[in-house]
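Hi there,

Here is the structure I promised to pass on to you.

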Amino acid sequence: MPRKVLSLLLLLSPLFAAADTVTVAVASNFQQTLDKVAVEFKAASGHDIKASGGASGKLAAQIRQGAPFDVFLSADDERPAELLRDKIGKPDSRFTYAIGKLALWSKQRDDAGEAALRGGNFNKLAIANPAAAPYGRAAMETLTALKLADALKPKFVTGDNISQTMQFAQVGGADFAFVAYAQLLEQGISKHYWLVPAKLHQPIRQDALLVRDTPAARAFLAFLKGDKARALIKKAGYDFTQ
């Protein structure tokens, strides 16, 4: 091997050796956005992201049971707080990485909105399980605020997470679905939805938590707070705390 090539490899080898994989438990609504952030993070750090998506409640349960995640990106602030109270995760690491927005969407109908909910002229309404999925809880809070929860309960189709809830509406299993606004933007959907006023539900504060303290995981959370990641998160349809 030529001496110059060997010298270059020796110089680069510490960089390759330092590269690691960060395992991330991510709420379903944020999974596609995380894919974009991961690309930029790898370009900046050399570290990879290995993500597992699902409902925040189920992911938190897996972490309690010892699932080997380095980082938890929840769709709420309660699950990370509960894990910390149980001495799981690093107390100094928790922060709100995004504020989610709730939307009511229909694939076929163009009247998604409060009036359609009040009229009740539909068969099924898809909602993520409010016990496990924060967007499902926000949907129930919205219906409660509108005084429609009891009247519409017989029409509910419940998804395990927000991704499954959207699938119900996509395949015709529900006339309307409460979904994350970010999901609509990710799929290029620009019509047939109602952006639910934030006053109708509690803020959807999506918190991050460092579960296992590794240099790569710390680097990822630092990157998530940076301008490049925040620009991607904003473009995906989220807000931030003031």
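Below are some notes on one helix and on a few salt bridges.

This is a predicted model, where local features need pLDDT of at least 70, side-chain atom pairs count only at pLDDT 80 or more, and totals for chains, interfaces and linings use all residues. Residues are numbered from 1 along each chain as its sequence is written, and side-chain values use heavy atoms, leaving out hydrogens and water.

Let's start with helix H8, residues 162-170. (Helices are DSSP runs of H or I with at least four residues, strands are E runs of at least two, and both are numbered from the N terminus.) Its buried residues are Ile162, Thr165, Met166 and Ala169; buried means under 20% relative accessible area, exposed over 50%, and partly exposed in between, using a 1.4 Å probe and protein chains only. These four lie on the same side of H8 because they cover an arc of only 95° around the axis, taken from the directions from the helix axis to the C-beta atoms. An α-helix has 3.6 residues a turn, so residues three or four places apart point the same way.

Now the salt bridges (a side-chain nitrogen of Lys or Arg within 4 Å of a carboxyl oxygen of Asp or Glu). The whole structure has 16 of them. In one, Arg94 pairs with Asp207, with the closest N and O atoms 2.8 Å apart. Arg94 sits in the loop between H4 and strand E4, and Asp207 in strand E10, so this pair ties together parts 113 residues apart in sequence. Asp207 is buried at 3%, whereas Arg94 is partly exposed at 35%.

Enjoy exploring!
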